Amino acid sequence: MRPLDCITVHDQFAADYDRQVKEYQCLAADALFGLTFEFVRPGECLLDVGIGTGLSALPFAKTGLRIFGLDASLEMLKICRSKDIPMSLALFDIRNQPWPYSDGSFDHVVCCGVMHFLDDLNGVFAQAARVIRPHGTFAFTSKVPPLARDKSVETASGVSLYMHSQDYLDACMVRHAF
């Protein structure tokens, strides 16, 4: 059986996503914001890659950043739009290259709860490096396999999930000058 496309699954669960995140006490968005807070200033531009319903963008918006978002799930984007968080949203699959922004368009890029849906992260790192202004930040979350191996794959709700090793993440960061 072929795994389901993660976009289809996100469209199906969009209406219930925020409740599920709260129920599971997922704090990834809060942790990401906490780790990057000291580097952001009101008025700066932030691209949220895989913005979904806007959970990870919300604290940045409250801090006064101008939020732009990419997501391939139309249903997730509808919910995000209803929250009045972003200045601009784009329906776009981040696996496609290039992303629909000019070089150096953003002060910051965040990617929360997305990397584990991607087998190869080099495209995300390359595009993030391209759209970030000099001295900007790229903050992301990733599942790391429990054992010292390059990658682990598991399936949840019929979707393949990838856990990338710290060595692989470090190599991507070095390769793309982060």
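Q: Let's start with Ala 177: buried or exposed?
A: Ala 177 is exposed, with a relative accessible area of 68%. Here buried means under 20% relative accessible area, exposed over 50%, and partly exposed in between, using a 1.4 Å probe and protein chains only. Before we go on, this is a predicted model, where local features need pLDDT of at least 70, side-chain atom pairs count only at pLDDT 80 or more, and totals for chains, interfaces and linings use all residues. Residues are numbered from 1 along each chain as its sequence is written, and side-chain values use heavy atoms, with hydrogens and water left out.

Q: Where does Ala 177 lie?
A: In the segment after H6. Helices (H or I, at least four residues) and strands (E, at least two) are DSSP runs, numbered from the N terminus. Ala 177 also has a positive phi of about 60°, although it is not a glycine.

Q: Which value does phi of Gln 25 have?
A: Phi of Gln 25 is near 55°, a positive value in a residue other than glycine. Gln 25 sits in the loop between H1 and H2 and counts as exposed at 64% relative accessibility. For background, most residues other than glycine have a negative phi, and most peptide bonds are trans.

Q: OK, and which residues does the cis peptide bond join?
A: Gln 97 and Pro 98, with omega about -5°. Pro 98 is in the loop between E3 and E4.

Q: Switching topic: what is the strand order in the open sheet?
A: The five strands run E3-E2-E1-E4-E5, with parallel pairing. Two strands pair if DSSP finds at least two bridges between them. The edge strands are E3 (88-91) and E5 (132-140), each pairing on one side only. On average, neighbouring strands of this sheet are turned by 15° against each other, direction ignored.

Q: How many bridges are there between E1 and E2?
A: Five, in the parallel sense, and Leu 46 stands opposite Ile 67 in E2. E2 and E3 also run parallel, joined by four bridges; there, Leu 70 has Ala 90 in E3 as its bridge partner. Strand E4 (residues 106-111) pairs with E5 over five bridges, again parallel, and Phe 106 is opposite Ile 132 in E5.

Q: Which helices pack on the sheet?
A: Helix H4 (residues 74-82) does, touching strand E2 (66-71) and E3, and its direction makes about 170° with that of E3. Helix H5 (residues 122-131) does too, touching strand E1 (45-49), E4 and E5, with about 145° between its direction and that of E5. Contact means heavy atoms within 4.5 Å. Axes are lines fitted to C-alpha atoms, for helices over the stretch in contact, and angles run from 0 to 180 degrees between N-to-C directions.

Q: Which residues of H5 are buried?
A: Asn 122, Val 124, Phe 125, Gln 127, Ala 128 and Val 131. The buried residues of H5 pack against E1, E4, E5 and H6.

Q: And His 176, what is it in contact with?
A: Leaving aside neighbours within four places in sequence, His 176 contacts Asn 122, Phe 125, Ala 126 and Ala 129. His 176 is found in the segment after helix H6 (166-175) and is buried, at 16% relative accessible area.

Q: Back to E2, is it mostly covered or exposed?
A: Mostly covered: five of its six residues are buried. Arg 66, in strand E2, is partly exposed, with a relative accessible area of 36%. Not counting residues up to four places away in sequence, Arg 66 touches Gly 43, Glu 44, Cys 45, Leu 46 and Met 87.

Q: Last one: how much space lies in the largest pocket?
A: About 1300 Å³. Of the 46 residues that line it, the closest to the centre are His 10, Tyr 17, Gly 113, His 116 and Phe 117. On a 1 Å grid over the protein atoms alone, a pocket is an open set of points where a 1.4 Å probe fits, with protein on both sides within 12 Å along at least five of seven lines; lining residues have an atom within 4 Å of a point. Grid points are joined across faces, edges and corners, and a volume is the space filled by probe spheres set on the points.

Q: Which helix gives the most to that lining?
A: H1, with 10 residues.
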